[in-house]
Amino acid sequence: NDEPTGNEVEIEGSVGGLKGTCPSLSFGINGYSVTTNASTTFDGLACTAMKSGDKVKVNGTRQGDGSVLATKVSKS
């Protein structure tokens with residue numbers, strides 16, 4: 001997990017430890033910490049329908065703290 005800040009990343013896996021309220025969610029996938037915000041698009045599932053254990057693909061941007069800000073979350 002040493003990609004530089006601002007890099008586009010794509011992560012696929014199961015949602016774990018889902019917290020927050022739409023549109024501001026946070027969860028883990030494959031050791032990455034992922035957050036969503038009002039600009040995140042959800043494809044194939046609604047933000048409010050997301051739950052831990054869901055298999056998703058996240059496209060996003062690496063943040064300074066090592067987390068990933070999701071630009072898109074899609075059902076995988």
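Which residues touch the most other members of the largest nonpolar core? They are I11, F27, V34, M50, V56, V58 and V73, out of 16 residues in that core. Here a nonpolar core is a set of buried Ala, Val, Leu, Ile, Met, Phe, Trp, Tyr and Cys residues joined through side-chain atoms within 4.5 Å. Buried means under 20% relative accessible area, exposed over 50%, and partly exposed in between, with a 1.4 Å probe and protein chains only.

Before going further, a word on the model. It is predicted, so local features need pLDDT of at least 70 and side-chain atom pairs count only at pLDDT 80 or more, while totals for chains, interfaces and linings use all residues. Residues are numbered from 1 along each chain as its sequence is written, and side-chain values use heavy atoms, with hydrogens and water left out.

The strands β1, β3, β4, β6 and β7 each supply at least two residues of the core. Strands (E, at least two residues) and helices (H or I, at least four) are DSSP runs, numbered from the N terminus. In soluble globular proteins, nonpolar side chains tend to be buried together.

Strand β6 is mostly covered, with six of its eight residues buried. Two strands pair if DSSP finds at least two bridges between them. On one hand, β6 runs antiparallel to β1 (residues 8-14), joined by seven bridges; there, G13 has V56 as its bridge partner. On the other hand, β6 pairs with β7 in the antiparallel sense, over seven bridges, and G60 stands opposite A70 of β7. The hairpin of β6 and β7 has five residues between the strands, and G66 takes a positive phi near 95° in it.

## Cross-links

One disulfide is counted, that is, a pair of cysteine sulfur atoms within 2.5 Å. C22 and C47 form this link, with their sulfur atoms 2.1 Å apart. The torsion about the S-S bond is -105°, and the link of C22 and C47 is left-handed. C22 lies in the loop between β2 (16-21) and β3 (24-29) and C47 in the loop between β5 (41-43) and β6 (55-62), so the pair ties together parts that are 25 residues apart in sequence. C22 is partly exposed at 29% relative accessibility, whereas C47 is buried at 13%.

The structure also holds two salt bridges, each a side-chain nitrogen of Lys or Arg within 4 Å of a carboxyl oxygen of Asp or Glu.

| Salt bridge | N to O distance |
|---|---|
| K72 and D43 | 3.9 Å |
| D54 and K51 | 3.2 Å |

What does the pair of K72 and D43 link? It links distant parts of the chain: K72 sits in strand β7 (residues 68-75) and D43 in strand β5, 29 residues apart. Both are partly exposed, K72 with a relative accessible area of 32% and D43 with 40%.

T40 lies in the loop between β4 (32-35) and β5, and T40 is buried, with a relative accessible area of 9%. Its side chain makes polar contacts, defined as a pair of N or O atoms within 3.5 Å; within protein, one must be able to donate a hydrogen and the other to accept it, and residues adjacent in sequence count only if both atoms are side-chain atoms. The side chain of T40 reaches the backbone nitrogen of N37 at 2.9 Å and the backbone oxygen of A70 at 2.7 Å. Apart from neighbours within four places in sequence, T40 is in contact with A70, T71, K72 and V73.

K75 is in strand β7 and partly exposed at 46% relative accessibility. K75 touches D43, G44, L45, D54 and K55, not counting residues up to four places away in sequence. From K75 to F42 is 33 residues in sequence and 8.4 Å in space, C-alpha to C-alpha.

## Backbone details

Most residues other than glycine have a negative phi, and most peptide bonds are trans. The peptide bond from C22 to P23 is cis, with omega near 5°, and P23 lies in the loop between β2 and β3. N30 has a positive phi near 50°; N30 is found in the loop between β3 and β4 and is exposed, with a relative accessible area of 55%.

Technical notes:
Contact = heavy atoms within 4.5 Å.
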